[in-house]
Amino acid sequence: MRWPALTRPGRAVLVLTIAVFVALALAPLFAPWITGERYILGLLARVMIFAIAAVSLDLILGYGGLVSFGHAAFVGLGAYAVGILSAHGITDVTVVLPVTLAVCALFAVGTGAVAVRTRGVYFIMITLAFGQMAYYTATSLAQYGGDDGLRLDHRSTLFGTPIATDPLAFYYVVFGALLFFYLLTRVIVSSRFGRVLRAARQNPVRVETLGFNVGQVRLTAYVIAGMIAGVSGFLLANHILFVSPAYMSWQRSGELIVMVVLGGMGTLHGAVIGSLAFLLIEEFLSTITEHWKVIFGPMLILVVLFARGGLLGLLGGRHG
Amino acid sequence: MAEPLLRLDDLHKNFGGLAVTDGVTLDVRPGEVHAIIGPNGAGKTTLLNEISGLVPVDRGSIVFDGNDITRLSAHARARLGIARTFQITSIVPGFSVQENAMLAVQAQLASTFDFVRSQGFDRDMVAAADDVLEQVGLAVRARTPAGLLSHGEKRALELAVAIALKPKLVLLDEPAAGTGRGETERLVEMLRALKDRFTIVLVEHDMDAVFALADRISVLVYGRVIACGTPGEIRNDPAVKIAYLGEEEAA
């Protein structure tokens, strides 16, 4: 049996990751020369917002071995925090963001305390169930749009002043958030805490008998991931100025898993590259045919079959 | 006589209708190597699992270092100073040898919720890990993925991990299992060096190793302790001869 190379990503992967971030940082400079500038910036912002959610999922999935099939619930919760507060006239970031984080943390502690007691298929089923619970709760919020969702008048404000009103400024806010959360999770996975989390994925009994409370470690990672996904929901609501229960559906959770696996799980940059690939391919294929999933499905199967480490696996090098 | 470090009092455990632990009472004195021997299926590994908290007992009590630990979780028992190795090698295969040892050093420091410090900034921990690897002769393999070690080296890594925990009690579950002759001898030498530093409960099939290391031996048959004494006493115990050593000689 071969074990993946340790701790350091391959040089090619490192170069590619830096190239992706640099490209995202510079994209707006080139956008004016391309037709549909607003559209492209909007699309890339959406990619980066989902990349934040995918990176947070990779923390628990790739490093913790916790296959959450309800991660989109946190994205939805973040978005609804923005939508519901806005419906009551509260739009200030200094209030909305802390509320988003608190709501996601609470939901994560509540659902995670149950879910981390289970493993494998049972963990998948329980997170799926909690995710669907959040979804149906959102659809039943008649005063907040129910099934139809909720439209926002404007983006969140800072101390009463509108911020990041033009697409370019918003683009860089999202870019900054992605860079921040990518680096934050990178620090977490290589920390002492991350070492225990990674070890527990491979050999929980050994880690437990060393004296680590595996359940508590997993729960902590789950809460951190949930809060980060909540921020991506906060950004998503501000991006589209619309909040919908669909954000929480299990299909969305599945797509997040696909993004992580597609890029290469347990790498963090795989989640970023996976989101980029997933959403751009989806966007491209859907302009060719409305049956784009017929093409996309087999493509995914090929990646899973022939590139076990995801797209990044094709380049070699991987995190342990 | 000093207080025992570990005291098992009338432990019972049934798996379905099978009594795997059937009224086991046993003392482990501070500083001794206490071997537990017995034929296959006698319940030796189960007993270690009960002591380390991986298998809950149905009845009876386990007192360690003055604390009743009968209902404590495995990680809480490890925190109190009970380390163990496994019959089937249990390491973190994707981690380097060094990082396996670091994990144990970290456990001993009770440092789980540190979200910042990574390997590069943990000089003291790296040094502590390298020190235990040196003790078991694995220093040269520090950067090798643990999953790629030879069987004997994996057994040595298990020992290194146990040592790094600085435990009061070490439970060794067949440390020589699956090792070749030469490797077994090296392992016995390593264990002899540990003898003076730790109290050890040793489950082992290799009788040469047991008689070379043990201060006292308990003989477990069908979940019961049928004899307990010094190696000399056990060697001459008629009941043991029939139940266990006899079989071995006849085989």
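View 1. A residue is termed buried if 20 or more other C-beta atoms lie within 10 Å of its own, exposed if 12 or fewer, and partly exposed in between, with C-beta atoms placed from the backbone. Helices (H or I, at least four residues) and strands (E, at least two) are DSSP runs, numbered from the N terminus. This is a predicted model, in which local features need pLDDT of at least 70 and side-chain atom pairs count only at pLDDT 80 or more, whereas totals for chains, interfaces and linings use all residues. Residues are numbered from 1 along each chain as its sequence is written, and chains are lettered from A and ligands numbered from 1 in the order in which they are written. The buried positions of α5(A) include Phe123(A), Ile126(A), Phe130(A) and Tyr135(A). Helix α5 (residues 121–139) of chain A comprises 19 residues and reaches 27 Å from its first C-alpha to its last, close to the 27 Å expected at 1.5 Å a residue; the expected span is 1.5 Å times one less than the number of residues.

**View 2. Helix α3 of chain A.** Of the 16 residues of α3(A), 14 are buried, so the helix is largely enclosed by the rest of the structure. Its end C-alpha atoms are 22 Å apart, in agreement with the 22 Å that 16 residues should span at 1.5 Å a residue. Gly89(A), which follows α3(A), has a positive phi near 80°.

**View 3. Strand β9 of chain B and its partners.** Strand β9 (residues 216–221) of chain B is mostly covered, with 5 of its 6 residues buried. Two strands pair if DSSP finds at least two bridges between them. Strand β3 (residues 33–37) of chain B runs parallel to β9(B) and is joined to it by 4 bridges; here Ala35(B) stands opposite Ile217(B). Strand β10 (residues 224–229) of chain B pairs with β9(B) in the antiparallel sense over 5 bridges, and Val219(B) faces Ala227(B) of β10(B). The hairpin of β9(B) and β10(B) has 2 residues between the strands, and Tyr222(B) takes a positive phi near 45° in this hairpin.

**View 4. The contact between chains A and B.** The contact takes 26 residues from chain A and 32 residues from chain B, two residues being in contact if their C-beta atoms, placed from the backbone, lie within 7 Å. On the side of chain A that touches chain B, α6 (167–190), α7 (192–202), α8 (204–209) and α9 (214–240) each supply at least two residues. The largest share, 6 residues, comes from α7(A).

**View 5. The two domains of chain B.** Chain B is divided into domain 1 (1–81 + 167–251) and domain 2 (92–166), with bounds from an automatic or database domain assignment. The C-alpha centres of these domains lie 26 Å apart. Each domain of chain B gives 10 residues to the contact between them. Helix α6 (residues 181–195) of chain B provides the largest share of the domain 1 side, 4 residues.

**View 6. Ala101 of chain B.** Not counting residues up to four places away in sequence, Ala101(B) touches Ala129(B), Val132(B), Leu133(B), Ala160(B), Val161(B) and Ala164(B).
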